[in-house]
Amino acid sequence: MATTRKTTKTPAAGSADEDDAIESFFYGLDGRNEPPLGRFKGTIRFDVGSGTELVHWYVAIDAGDITVSHRNARADSVILIGHEDCEAIVTGRMNAMAAVLRGLIVPAGDFSLIVLFQRVFPGPAPAVARALIAKS
Amino acid sequence: MSTDLVQILEGNTFVVSDTRGDIEPSVSDPTGLFAFDTRFLSSWILTIDGKRLTALSTDDLQYFATRFFLVPGSTNVYDNAQMSIIRERAVGGGFQERLTVMNHEPTPVEITVRIQAAADFADLFEVKDSLKKKGQYATEAIEGHLVLRYTRETYRRETWISSSVKPVVENDGLRFDLKIPAHGTWNTDLEVVYVIAGFEEFGKSRGRRRAEDRMARGLDKWLDKAPRLQCDSESVAATYHRSLVDLAALRFTTLTMPNHALPAAGLPWFMTIFGRDSILTSLQSLPFTPELAKATLLALAERQGTRIDDFRDEDPGRILHEMRYGELTAFEERPHTPYYGNADATPLYLVLLDEYERWTGDTKLVRQLEFEARAALHWIDEYADLQGNGYISYKRRNEKTGLENQCWKDSWDSISFHDGRLPGFPRATCELQGYAYDAKTRAARLARTVWHDPDFADRLEKEAADLKRRFNRDFWVQDGEYFAIALDEEGRQVDSLTSNIGHLLWSGIVDKSKAKAVVKHLMGERLFSGWGVRTLAEGEGRYNPIGYHVGTIWPFDNSFIAWGLRRYGFKDEAAVVASGILAAAGFFDGRLPEAFGGYTRQTTNYPVQYPTACSPQAWSTGAPLLLLRAVLGLEPMGDHLVVDPALPEELGHLELLDIPGRWGRIDAFGRGRVDTQRATATRRR
């Protein structure tokens, strides 16, 4: 559904290796326009990891235009999430709203942004959905 | 639900207790303190010296507050109670309870007051289905609070109980050892707060905001803002008042929009966003409380589908069916984050968007929601046409916890052939095609006037015209002269006669030449009971006057049928339907149930209530409002409101004053002139 308007990748340095699913997801978002977020403006900081091993991703949304970076900036909403859980969400193996309700995502600040933003995460692959249906 | 339970609520938080104010664990009844689909208190029992109390009276002060007057022991007219107890309870971020004990003796008394408290933290789905819990319970005393806790992995829910007078905190409650002087009074303020892990800060601010909201959104203000009804019929006036009060109680705010309230579907099981219910209730109440429609449009837009998810039956552009926050949903044992399995909310969303603009002139919102509207139209063409035949049909992809019937008649046997057989899937029910036609026609208007895209408008109008032509050919049951309820998986007509044909009139998809025959069926003896139009006609294989969707009468269904009759110019018939349903409302003290029995009016003389789970139910609450609109013939026309009354005779004189809209405020007057007895008799010939 998202129409892509690809620009160059943000060159900011990450911590993990290049084929990290989390990096692919966030870098893939950078420069995109996401119409479902068209009515919103704000910055979400994702703190991915645990303890002092946190990687900060700043996702700025302005009328659907998304900019992603590691640069320190003011955030309207902060999302604390473990590396594995984040990976599960950005690859569609876990539903973000379910993760919020389970306490796997700890939000601070403007909570509404994460509810709105979760629509940008991918859905489950058919095999994942089948497994969920089977255990439900 | 037992009728002697007392319920108070605010948003998605509600308390259900007995008439003493006590909560006792129950597997069948939803008693307790509930918030976010979780039972945060399943036991709350007040004793004095170890004995339960007896209720003298219960006052429903407001929908969010109540007061219980109690005495110790059993009441006996020969004994004067030497003590009175008052519990005043209000909901908000949990609940607050002021407990007052009055000693009427001329001497001091020493007593022990105890509140026994426990929480099972059941998910509403578990209360309904009696399922076992998978996590661990704990109880703790923290700084004078009794804390009840439930933990399953990182999922944690807590209930914090405290008192303004310092209690003895015990493992299962609070204790007060008191000495009350002669003719003295003692009181304390108890507070019960729910905590959702990860949202501690959020919960506190929400509690504060709720208290402020309550001031701002007070019932008086709500009633003041709505149009005033003056009417010779006391029963109709009372029903109107009841509807407004119940609508106020059903208002619900979402996490993302704390300042906009939309209608939840019903109390107590359905205090959450339902696409279909919130949209239809907003349509019914548009002439009276248009702010509900705006909140509904925004909240559903924020959660519109964006991806393919077979577990949640989600597609891009699809409008959600139901949102839940409980434990089963959190662990993805239920698909409700949200669940999308309905086939009607998406076209109905477009209908509401257009109708909202026609009433309010709020083109700004229509511009803001252009993307969502286009995505919804895209869904109709790309994702809903499962058979590639140009019709919306449905078949769940989640075959375990998804919904089989994704239309408003969602029970298992609601869609059947004349001989009672059930069709296979996908099923293309007729009203879905009507909604799609209406959605495209209305979206074309918005495309032309607001989005300034005449090419898109032309395309939508052409598609709508084509759909109408095909529909009148493919769904028309020639020998019976009515529309089939559905086409089955082979495209065959599912040929039972149902109330769905009334929705088709509302949508405008019926060829003018066929309308008379459709109306004859709606008002004929097989469908019309004297109170209203049955969901399924007498004489059909599965007809049962007390079958959920196979013979009962649904007030909401009838309100849209009445609107449909008006759309095709059948004013007297609309008055007959309105008359029956409004008369029925009188028997239910103005609060229409979800459904009542399809027995003929002459047989029972009163409407027999279907044993329903929810009361009030949002779209039943909205039904009298839409019926009033229909009989007054209220129709926005440009910047004006057309008033063309055709009132049932027994209503006498009726005035609806200060109807809000793009025209400012307008009054509508009418005098009953439709002889509903005669109109019915004429139709039946």
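**Exercise 1.** In this predicted model, with which residue does B:Arg566 form a salt bridge? Classify the burial of both partners.

*Solution.* The partner of B:Arg566 is B:Asp644, and their closest N and O atoms lie 3.3 Å apart. B:Arg566 belongs to helix 15 (residues 555–567) of chain B, whereas B:Asp644 sits in the loop between strand 26 (640–642) and strand 27 (653–661) of that chain. The pair thus links distant parts of the chain, 78 residues apart. Buried means under 20% relative accessible area. B:Arg566, at 14%, is therefore buried, while B:Asp644, at 28%, is partly exposed.

**Exercise 2.** Determine which parts of chain B are tied together by the salt bridge between B:Arg324 and B:Asp37.

*Solution.* The two side chains meet at 2.9 Å, N to O. B:Arg324 lies in the loop between helix 6 (291–302) and helix 7 (327–330), and B:Asp37 in the loop between strand 3 (32–35) and strand 4 (38–41), so the bridge ties together parts 287 residues apart in sequence. Both residues are buried.

**Exercise 3.** Compare the accessibility of the partners in the salt bridge between A:Arg45 and A:Asp47.

*Solution.* The closest N and O atoms of this pair are 2.8 Å apart. A:Arg45 has 22% relative accessibility and counts as partly exposed. A:Asp47 has 5% and counts as buried.

**Exercise 4.** Locate B:Leu565 within the nonpolar packing.

*Solution.* The largest nonpolar core has 250 residues, and B:Leu565 is among those with the most contacts inside it. Not counting residues up to four places away in sequence, B:Leu565 touches residues including B:Leu505, B:Leu522, B:Phe570 and B:Val577.

Key
Residues numbered from 1 in each chain as written. Chains lettered and ligands numbered in written order. Predicted model: local features only at pLDDT ≥ 70, side-chain atom pairs only at ≥ 80, totals over all residues. Heavy atoms only, no water. Core = buried A, V, L, I, M, F, W, Y, C linked by side-chain atoms within 4.5 Å. Buried < 20%, exposed > 50% of the residue type's maximum accessible area, 1.4 Å probe, protein only. Contact = heavy atoms within 4.5 Å. Salt bridge = Lys/Arg side-chain N within 4 Å of Asp/Glu carboxyl O. Helix = DSSP H or I, 4+ residues; strand = E, 2+ residues; numbered from the N terminus.
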